[in-house]
Amino acid sequence: MARTTLEHITKVFTDDNANDIVAVDDVSIEIEDGEFLVLVGPSGCGKSTTLRMVAGLETITDGRIRLDDRVINDLPAQDRDIAMVFQSYALYPHMTVRGNMAFGLEESTDLPDEEIDALVTETAEMLGIEGMLDRTPDELSGGQQQRVALGRAIVRDPDVFLMDEPLSNLDAKLRSQMRMELQRLQEGLDTTTIYVTHDQTEAMTMGDRIAVLNDGKLQQVGTPLECYHRPANLFVAGFIGEPSMNMITGTIDGDAFVSDEFTYPISADLAAELEGVFDVTLGIRPEDLELSTEEPEDSRALSMIVDVVEPMGDENVVYLRFDSGDVGIDDDQLVLIATIDGISDIAGIDRVSVRIPEEALHVFSTETGNAIRNRRLEGDVERVV
Ligand code: ATP
């Protein structure tokens, strides 16, 4: 087990035309001993490159990586006590499960065969694959192959696990089952783990903390609930949460927010907080919009058209738009997405009042993208974080 520290790490690739590609740009993260950290971000944001630098599979252009107090920048991959699990399980097809799981230990330790065999059997039992030790990978399902790949990493008892989208080849049901199993395993083993995914649900449900990357740059590191309730900027706000946070651009004009579609009065307190700020983007989570079939009574409520309702069972996802008088949907038209209780029957209703509660508002600077103010439910967040 080891604390893993990334200090200002940067990776620059040079392409065939001698252009520099900054894949990872000055990223610093301290991952505690035993912590499960999820690196999340869209395709191409630099997640795998970061992981590969920790593994020693990629050189580091700038910055330092430490395991505890030791700088490991120049340590060859095989001398780092790190085990990596890939998306493609990379099992040896001609070897049995037992052979696959034992291979790393046979190569890198002097342990006697009986001891290796005992470790392999114990790990296979932990993963529920003890009955498959004599099969070859082509005789296993995708989920079983994934367990063997995990087993191969676990049996080495490394200081750090690195996992690069290890569940993405599994179907949705198996993925959610393996998510739970992996978390349980990691808690039991208490091995520092860095887990890469582009899937924000995986990040939210698995990580002790998540590190959000975009375009090679670290956007925020925090617990899943911190990133959800207190996003540092527009990118994190839009990336974390499904459906995404609604964003409305406009300006602050004294005691009102003014957008192309509507004017929204703000309290004296919020106006004071936003003093000197002009171009802003309001953010509101779909679950914070309050829908009603009554006429809007409140000046913070808007009359909107119900465009589409997607019943998900536990909730309905409702797409709302303003009545522009035009037939058809124009791409630039503001659409708000609300989630409401699945039991509410809104079929056949074509117009609702949509109230935006001020205490649930996020406000971002449109120019920098940085959060100026996050929703005021901090008491709740303190309790659960
Ligand atoms: P994905 O989720 O699609 O795997 P990622 O977040 O893991 O994406 P990386 O694979 O780390 O992203 O790539 C980051 C950037 O670096 C991308 O722009 C990619 O094209 C570039 N890149 C990665 N490897 C190389 C390489 N060997 N040579 C040149 N550019 C590279």
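The paragraphs below lead through the surroundings of the ligand and then through the aromatic residues of this predicted model. Residues are numbered from 1 along each chain as its sequence is written. Because the model is predicted, local features need pLDDT of at least 70 and side-chain atom pairs count only at pLDDT 80 or more, while totals for chains, interfaces and linings use all residues, and side-chain values use heavy atoms, with hydrogens and water left out.

Oxygen atoms of the ligand have polar contacts (pairs of N or O atoms within 3.5 Å): a backbone N or O atom of glycine 44 lies at 2.8 Å, a polar side-chain atom of lysine 47 at 2.9 Å, and a polar side-chain atom of threonine 49 at 2.5 Å. Taken alone, the ligand exposes 640 Å², of which the protein buries 59%.

Turning to the rings, phenylalanine 257 and phenylalanine 262 have their centres 6.2 Å apart and their planes at 55°, so the pair counts as tilted, given that rings pair with centres within 6.5 Å and that planes under 30 degrees apart are stacked, over 60 edge-to-face and the rest tilted. Both are buried (under 20% relative accessible area, 1.4 Å probe, protein chains only), phenylalanine 257 at 0% and phenylalanine 262 at 7%. Ring pairs link Phe257, Phe262 and Phe322 into a cluster.

Definitions and conventions:
Phe/Tyr/Trp six-rings, centres within 6.5 Å; stacked < 30°, edge-to-face > 60°. Buried < 20%, exposed > 50% of the residue type's maximum accessible area, 1.4 Å probe, protein only. Polar contact = N/O pair within 3.5 Å; in protein donor to acceptor, adjacent residues only side chain to side chain. Areas by Shrake-Rupley, 256 points an atom, 1.4 Å probe, with all protein chains shown as cover.
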